[in-house]
Amino acid sequence: MTEPLRWARYHWRRLVGGTTRDEDDRRCNYSSLLACGGKPAHTPRLPGKHRIVVPHLWPFKDEYEKFSGTYVNNRIRTTKYTLLNFVPRNLFEQFHRAANLYFLFLVVLNWVPLVEAFQKEITMLPLVVVLAIIAVKDGLEDYRKYKIDKQINNLVTKVYSRKEKKYIDRCWKDVMVGDFIRLSCNEVIPADMVLLFSTDPDGICHIETSGLDGESNLKQRQVVRGHAEQVNNVFSVGHETKAMLNNSGPRYKRSKLERRANTDVLWCVLLLVIMCLTGALGHGIWLSRYENILFFNIPEPDGHIVSPVLAGFYMFWTMIILLQVLIPISLYVSIEIVKLGQIYFIQSDVDFYNEKMDSTVQCRSLNIAEDLGQIQYLFSDKTGTLTENKMVFRRCSVAGFDYCHEENARRLESYQEAASEEEDCTGTLGGALGDVASPGAPGCRTQNPPLETLYIIDFFIALAICNTVVVSAPNQPRQKIRRPSLSGMPIRSLEEIKNLFQRLSVRRSSSPSLASGKEPPSGVPSAFVSRLSLFSRGKLTSPVEEEGSQGASSSACCTETERSSSDAGLANGGVEAPAGQPPASSLCYEAESPDEAALVYAARAYRCTLQARTPEQVMVDFAALGPLTFQLLHILPFDSVRKRMSVVVRHPLSNQVVVYTKGADSVIMELLSAASPDEGSLEKQQLLIREKTQKHLDDYAKRGLRTLCVAKKRSGRPAGGARAAGSGEAAGDGPGSRQAAFSSPMAKLSWLFGFLQTPLHLRYFLGATGIEDRLQEGVPESIEALHKAGIKIWMLTGDKQETAINIAYACKLLEPEDKLFILNTQSKDACEMLMSTILKELQKKGQACPEQASLSVDLLQPPISQDSELRAGLVITGKTLEFALQESLQRQFLELTSWCQAVVCCRATPLQKSEVVKLVRGHLRVMTLAIGDGANDVSMIQVADIGIGVSGQEGMQAVMASDFAVSQFRHLGKLLLVHGHWCYTRLSNMILYFFYKNVAYVNLLFWYQFFCGFSGTSMTDYWVLIFFNLLFTSAPPVIYGVLEKDVSAETLMQLPELYQSGQKSEAYLPLTFWITLLDAFYQSLVCFFVPYFTYQGSDIDIFTFGNPLNTAALFIILLHLVIESKSLTWIHMLVIVSSILAYFFFALAFGAMCVTCNPPSNPYWIMQEHMLDPVFYLVCALTTCIALLPRFVYRVLQGSLFPSPILRAKHFDRLTPEERTEALKKWKGAGKMDRVTSKLAEQAADKSGRTPMSGLPAVFAMKAATSCAVERGNVSVCETALDLA
Amino acid sequence: MAMNYNSKDEVDGGPPCPPGGTAKTRRPDNTAFKQQRLPAWQPILTAGTVLPTFFIIGLIFIPIGIGIFVTSNNIREIEIDYTGTEPSSPCNKCLSPEVTPCICTIDFTLEKSFEGNVFMYYGLSNFYQNHRRYVKSRDDSQLNGDSSALLNPSKECEPYRRNEDKPIAPCGAIANSMFNDTLELFLIGNDSYPTPITLKKKGIAWWTDKNIKFRNPSGAESLEERFKGTTKPVNWLNPVYMLDSDPDNNGFVNEDFIVWMRTAALPTFRKLYRLIERKSDLHPTLPAGRYYLNITYNYPVHSFDGRKRMILSTISWMGGKNPFLGIAYIAIGSISFLLGVVLLVINHKYRNSSNTADITI
C-alpha cells in the first residue's frame, strides 16, 4: 500500500518541482508523463512497482476485473469525519490539546470522593461546553467540505460505455481506472489520465495547470484548450490521484501573542499551585488545632479520623478543583472566536477589494492575524509585488543604436481606461507605420540603412521566435482553425528576398560604418519606424509566393481566424499590442513569462507578427517579407542556471541554420566575449556595438528597465550546418542543455558528432531590449508609511543591481539623501573587509550623531532609531550575500544591516531569499513578514512569521503558500497599520482582561478560605460559579476583542508611527501582565473585604454572604471592561446589559425554583431576599466603586499627564476635518522640532566632554538629514561603496 | 478533477466568507458594521472629562454614608459573653462536664431603654460552621419532608447518617451539633421581683424556609408517628419531634432548628434566638434597668476556644449595628471629592496640552 503511494508522490514532486524550478527537468517529466504515464524506468527506487491499467473494454473483461478491482473509485472524500465516527474522532482530536487534558484531569479528580469539591456533574460542565463548541465548529467546517465533495463527485464527464458502445455521461465519482474518457475544450479533467488521442493533427494538447501549481498559462503537455476533443485512459482515480496524495493539511502557526499568553498561562498554573499549597498548609495547621473536635474534623464514614497531614494533602487537590477557573478554560475558546471575528472583519474590508480581479484579501491562516500588528522586518519581492509584472516594451538597442518606444508605453498606460481609446492608439501606431514612406522624417539616418535593417530584421525575428509563446485566438482560446494559407496573403517572390538578403550581407560585411557612426538621437521613434519603411514598401510592391516547399508540412503555415476584442489578451496577462494589421490584432499570446509576451507583442507592433507555432516550425508574418516559416530544429528552453534560451531554426530565406539566443545581458556578453572569431573587421565592429549596447544597458537599468540581450549565431555551412549549430549551442550551454539534448530523440545525438568536427561560428550581437516593469499603484506611499511605522524593509530580487536600486528609489525604499553602501565582492575576505569598513564608518557617524551614541553591541536592539537623521541603505548582490550568510560573517552582516533603513538584495536566488529571512528571524528574534507573488518567493513566504502572497500575474503558488493573500502591495499598508494594529491591541487586551477576570474572581474564593479553615468551601452556589465564567462574563470580552477600536482607521493610516506600539508589544508586556494580576488581586480583596466587614459578626449565612460578593464581582468585571474600552457601540452596551440581566434572571429563577436541589449550596430565595434589602445595593455600589477607583484614576491621570501616542491620536477622531489637518500638521511638525531642539540641547551638554570625531559636529544638529551625506566626501569607504544620490 | 477542487478550496476556503457576496461579485458590503464604522461612544479619560464624575460620586456618597452612620449609631445593642472561661464568671462552673444540667445567671444593666422590636441573638465565636465537610453534611430532601430520604438519608450525612441501624432524622453533622443552650431574660424591677421578658419563638426564621424549604414528613398521625423508624441525632437529648410543644414549631419546622441549619458564613456569627415584641407605643420594649440572663448551659465551646454570647439588639432598615458601611461611604465620598479637586488642578494646569486639539507635549 505504501509503495505505490510513495511512487506517486515521487512522481508528483518531480512534476511540480519541474514546473517551478527546473525547466529542463520539467520537459523531461512532461514527455514521460504523456508518453507512458509512469514507466518503471522513471521510478528508480521502486523497480517493478507500477500500476497496471487494463482498458475497461469487452475483450479485457477478465483482466480488468483482476487488476482494476483493487483500485479505488473516483469518489473523493476530503472530510475528516463521518456521521458515525464524528463523536469519538473529534473527542480524540480535541484531547490532544494540553488544556483540554488538564480539564479532563480536573473532572476525573472530582470523582475521587476524598477531594471532591463540587458536585461531579458541575465540574464537567465547562469542559463539555468547550468541547461542544469546538465540535460544532469542526462539524460545520467538515460539512462544508462534504457539500463541496458532493458537488465535485457529481460533476459529469463523458465515459466510454462497454455496453452501449459509445461515450455516455457519467458522474465523476463513477469513473473507474481503465475507463476511456473523452474531454472537450475547456473541460476540467476528472482524474489522472494518459492521453491517447487528440484531434489536433500534431497530436498535441495543451492544458492549464492552475489547479495543480497555480500557473494559469498554458503548457504544452497539458490539457485542453486548443482542441476539439481528446481521448484519455484513466490512470488513477479518486484518492490515488497525485493531487490528492499531495494534498497536505492547512497551515498551522502560532502567533507571538499566543506564545506570550501561553507562558502567562504557565504563570497562572504556578500561581494556582501556590494558592493550593497555601490552602493545603493552612488546612493542615488549622486542623491540627481541632484534630479531636468532631465539630470540625468530621470523621470518615467508617468512623476513623483523618490526620491533619493527610487532610492537607487531600485539600491540595480539592483546592485545585475549586480554583480551577484560574486557568482560563474559556480563554482558548474565546481567542478562537475573537480571531474568527477579526478575520471576518479583515475580509469584509471594502478597501481591500480589487475591482479588476474581483478579489479581496484572503486570510488563509486563521491563527496569526494579530501578528500583523507586530511586524518589524518586511521582506519584499520586487517583480509582481512592488511592480505590476505587466511588462511594457520601452526601449531597445539594435546594433548599437538606442530606440525609444514611447508610443507603446503611452498607449499601454491608457489602455486600461477605455477600450475605444485603445483603438485610437492602435490607429495612430498603424498610421505611423503607414506613413513611413515619407523620407523626410526627422532623425532618419540614411547611413547604411541596409546593414541596420538587417540587424533590425534579425532582431525582430529573434524577438518573435526565440520564445515558447503559445499563439491562440482570443475568443475561443487556443482554438486553431486551419485553412489554406495561400489565399489573401501578400506574397513576395523568394528570389527577390534572397537577393535582398544577399545584397545586405555583402554590404554588411564590407561596411566599417558603424565604427565611425555617430551617436543616433536616442528616443526618436520615427527614425526607427522610417527604417522599417523599406519593408513596408517592399511588401506593397511585390507579392511573394509562399515557401511551401520549405517545411516538412506545408499545411503548418496556418493563420488564425479573425477574432475581435482584445479582452482575452488582457485577461491572459500578456501585453496586448495589436499591430496595424487586422488579422494580427486578433492574436493572443500566452507566454511562460510576461517578458516573453512583451517582446512578442513588441515585435508585432513593428509588424513582425508571430503567427503560429508548432513543434516543428514557427511562422512569422513580417510586414516587409510576408509570412516566413522557420523550421524549428531545436529549442533550448530558459533555465535559471544558464539564464538564457535559444532556438535553432533553419532560415527560410538563406536556408542557413541560425541560432537565436536571448538572455540576461551578463550571460550573453560573456558568451560573446568568449567567442573569438578570426574576422577582424567584424570583430571590431561587434566590439563597438557591444560597448555601445553596454552603455545603453546601463542606462536602461538606471531607468529601472529590465534588460535582455539578443544574439544570433549562424552556421557557416548552409546545408549541413543545422546539426552543428544546434549541438554547438547545446554543447556551449553547459550541462543543463546537454541533458535537454539527450532527452530529445536519439537522432539528435548524431548532431553532436557533427558538431565535433565543425568549428564554432561567430555569434552576432543583435541588440538589447529594455522592458519596463511598472510600479504598482500606491507602492511608494505604502513603503513610506511602513517606513514611518518603523518597519525595516528589505527588497529581495533576482534582478540585477542597477534595476533593483532603481526600483528601490522609485518606490521610496531609498531616499535620495540616503547614504548608500554597496556590497559587491567576489570573495569572502573582501566581503568581510568591506563590511567592517562600512561598519566603522557608520559607527563613527553614529557617535557623531548624539542620539546614536550607543554602539550596536546588542544586536537585539538596532542602534538606529526611527527618528535618526543618519539614514543608510545597503545593497548586496547575490554572490556577496552568499558570503555574508556564512556562519562567520552572519553577525557582522546583521549588525551592518541593523544600521540601515533599507536593504536591497539583488540577484538573489529563492533559496537565498528564504535564508535571509531565516537569518534575520532567527538571530534578531524579530517579527518578519515576507511578501511575494511568484513561485520563487514560496520558500521565503513559508519561512517568515507571516507570509503574504500577492495574487498577481505569476500564478497562485505564492498565494497557496501564504497566510494572507492580497491583490496589491498597497493593501499591505492598511492590513498592517490598521488591521494589524487593531487585531494586536484587541487580542492582547482581551487576553489580559481574561487573566484579570479569572484571577479576580477566583481570588474571592481564595480569600474566603482564610475564614473557613482552608476547607475548600465555596460561598457561591456552584452553578453560578460555573456560569459566571461560562455565561455571564464570556460574551463582553469576546465583543471587546472583536470590535474594540482604540484609534480610528483614518488616524492610523495618517499616523503610521502609531504602529510602533505594536512592534514593541506595548499592549502586552510581561510587566503589563503582572500589573494586571496585581490589579486583579486588589480588586478581589476589595470585593471580598467590603462585604466581609459589612456582614462581620452578623447572622448572615454562607450563600447569602456570597451573593453580594458575586454580584459586585460581576459589576466590577464588566465595568472594568468599560473603563478599558476605547469605543463603545450599541453592541457593547447590548452585550453588557444582557450579561447583567442574564445574571439576575438566572439568580432569581434558580433561587425561586431550587428548593432542595444543588445541596449543599442551596440558593433558595437568597437573591429575592437581597433584592429587597437596601444594604445589598449599598454594599454592591461601594464595592464596585472602591475596586475600580485605582484603575480609573490611573487611566485619567494617564490621559491627562502622560498620554501615550495612541491616546493622543485618539483625540483626532473627535475633530472636524479642518481641525484635523491642522492638528496633523502640528503633530508632525512638533515631532521634528522636538527632535532638533532636544538634539541641540544634548549637543550643547555633550560638547564639552566629547572630542569631535568628524570635525564638524555642529553640522549634524543643524543640517539634519543631509549632514551625513555631506560628510561622505571626507570618508573613503572603498571603491565599491557608491552613493547614487 | 479532485486537484482542481482542492486548490480552489484551499484558496477560497478558510473563514466564513462575507455573506451577501453573491456569485456575481465578492465585493464586501459597505455597511457601517462590516467596515467597523459603527457609531461609538468614545470615552476619553482625562481630568477634564471625568471631573464631574468624581464630584458627583463625592456628593452622593457622603450623605449616604452619614445617613448610614447615624442609623447605625441609633441602634441599641448589648452583648453578654457567658462562655465562663474567666473564673469570676458565674458560668465558670459549667465548663466541667460533670455538672448537668448546669444553670447559671448573669446580671447586666441597660443604660438606655430599647425602643421598638428587640432581637435576641446567641453568638458563637471561632465556630467554623462554614467548614466544607460540615456544610455539606445535611440532606435537604429529608428536611423537606421527603419520606424516602427520611428513612434513607443522603450519603453526605456520613458519619451521622445512621445510628444503631436506624436512619438519623435530621441526619448530618450540622443537625447533630445544634445549639442547645436555653436563654431566659428577666427584668429586675425596683421591687427586686424579677419579671420574665416574653420571648417569642416564632418568626425568627425566613418565611420561605419555614413554609417551603423545611417540612415535616407527611402523614395524618401525630408527629411522632411520622418520624417512626428514625432515631435522634447522637448529640441530641430529645428526638426531633420533641423540640417544641407547639405543633407548628416542632419537628423539622422548628425555627430554632431552621435557624441553626442556615450555616453561618464566618466563624464569628450570631443567630437569631428570640423576638421581643413591642407591646405598646407608650412603653419601651426593654426599659433601662437591671436584667439577668438565665442560661441552661449545655453547649460546649471551651474545647475549641470558642465563645458564647447573648446579644440584644434593636434593628433598623439596614439590619443590625454596623458602623463600617457608613464610615466607608463617607471615606470613599471624601476621597472622591478630594480627587475631584486634584483633577481640577491638573485640568487647569494641563488644559492646553491635554484637552485641546493641540496634543503635543
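Colleague: Which residue with a positive phi follows α38(A)?

Modeller: A friendly note to start: this is a predicted model. Helix α38 covers residues 1070-1095 of chain A. The residue that follows α38(A) has a positive phi, near 75°, and is Gly1097(A).

Colleague: How far apart are the end C-alpha atoms of α38(A), and what span should its residues give?

Modeller: The helix has 26 residues, counted at 1.5 Å a residue.

Colleague: At what angle do α38(A) and α39(A) pack, and what is the hand of their crossing, left or right?

Modeller: Helix α39 of chain A takes in residues 1102-1124, and its axis lies 10 Å from that of α38(A). Residues that meet across this pair include Phe1088(A) and Tyr1092(A) in α38(A), and Leu1109(A) and Ile1116(A) in α39(A). The packing angle is about 145°, and the crossing is right-handed.

Colleague: Is helix α26(A) largely enclosed or left open, and how many of its residues are buried?

Modeller: This helix spans residues 801-810 of chain A. Among its buried residues are Gln801(A), Ile805(A) and Ile807(A). After the helix comes Lys812(A), with a positive phi near 65°. Since the buried count is seven of the 10 residues, α26(A) is largely enclosed by the rest of the structure.

Colleague: Which residues of β26(A) point the other way from Ile946(A), Ile948(A) and Val950(A)?

Modeller: Strand β26 of chain A, residues 946-950, is mostly covered, with five of its five residues buried. Ile946(A), Ile948(A) and Val950(A) point one way; those on the other side are Gly947(A) and Gly949(A).

Colleague: Which residue is the bridge partner of Val950(A) in β27(A)?

Modeller: Let's look at both pairings of β26(A). With β25(A), residues 928-932, β26(A) pairs in the parallel sense over four bridges, and Ala930(A) has Gly947(A) as its bridge partner. With β27(A), residues 964-966, β26(A) runs parallel and is joined by three bridges. In β27(A), the partner of Val950(A) is Val966(A).

Colleague: Which helix lies in the β-α-β unit with β25(A) and β26(A), and what is the hand of that unit?

Modeller: The unit is made by β25(A), a helix of residues 938-943 and β26(A). The helix is α31(A), and the unit is right-handed.

Colleague: Over in chain B, which strands stand at the edges of the open sheet?

Modeller: Four strands form this sheet in the order β1-β10-β3-β8, with antiparallel pairing. Each edge strand has a single partner strand, so one side of each is left without a neighbour in the sheet; these strands are β1(B) and β8(B).

Colleague: How many bridges join β3(B) to β8(B)?

Modeller: Strand β3(B), residues 118-125, runs antiparallel to β8(B). One of the bridges pairs Gly123(B) with Arg270(B) in β8(B). The number of bridges joining the two strands is seven.

Colleague: Is Gln142(B) buried or exposed?

Modeller: Gln142(B) sits in helix α4 of chain B, residues 140-143. Leaving aside neighbours within four places in sequence, its contacts include Leu150(B), Ile168(B), Arg215(B) and Phe252(B). Buried means under 20% relative accessible area. Because Gln142(B) has 1% relative accessibility, this residue counts as buried.

Colleague: What is the relative accessible area of Val53(A)?

Modeller: Val53(A) lies in the loop between α2 and α3 of chain A. This residue is partly exposed, and its relative accessible area is 25%.

Key: Residues numbered from 1 in each chain as written. Chains lettered and ligands numbered in written order. Predicted model: local features only at pLDDT ≥ 70, side-chain atom pairs only at ≥ 80, totals over all residues. Heavy atoms only, no water. Buried < 20%, exposed > 50% of the residue type's maximum accessible area, 1.4 Å probe, protein only. Pairing = 2+ DSSP bridges. Right-handed = clockwise from strand over helix to strand, strands pointing away. Expected span 1.5 Å × (residues − 1). Contact = heavy atoms within 4.5 Å. Axes fitted to C-alpha atoms, helices over the stretch in contact; angles between N-to-C directions. Left-handed = near helix turned anticlockwise from the far one by under 90°.
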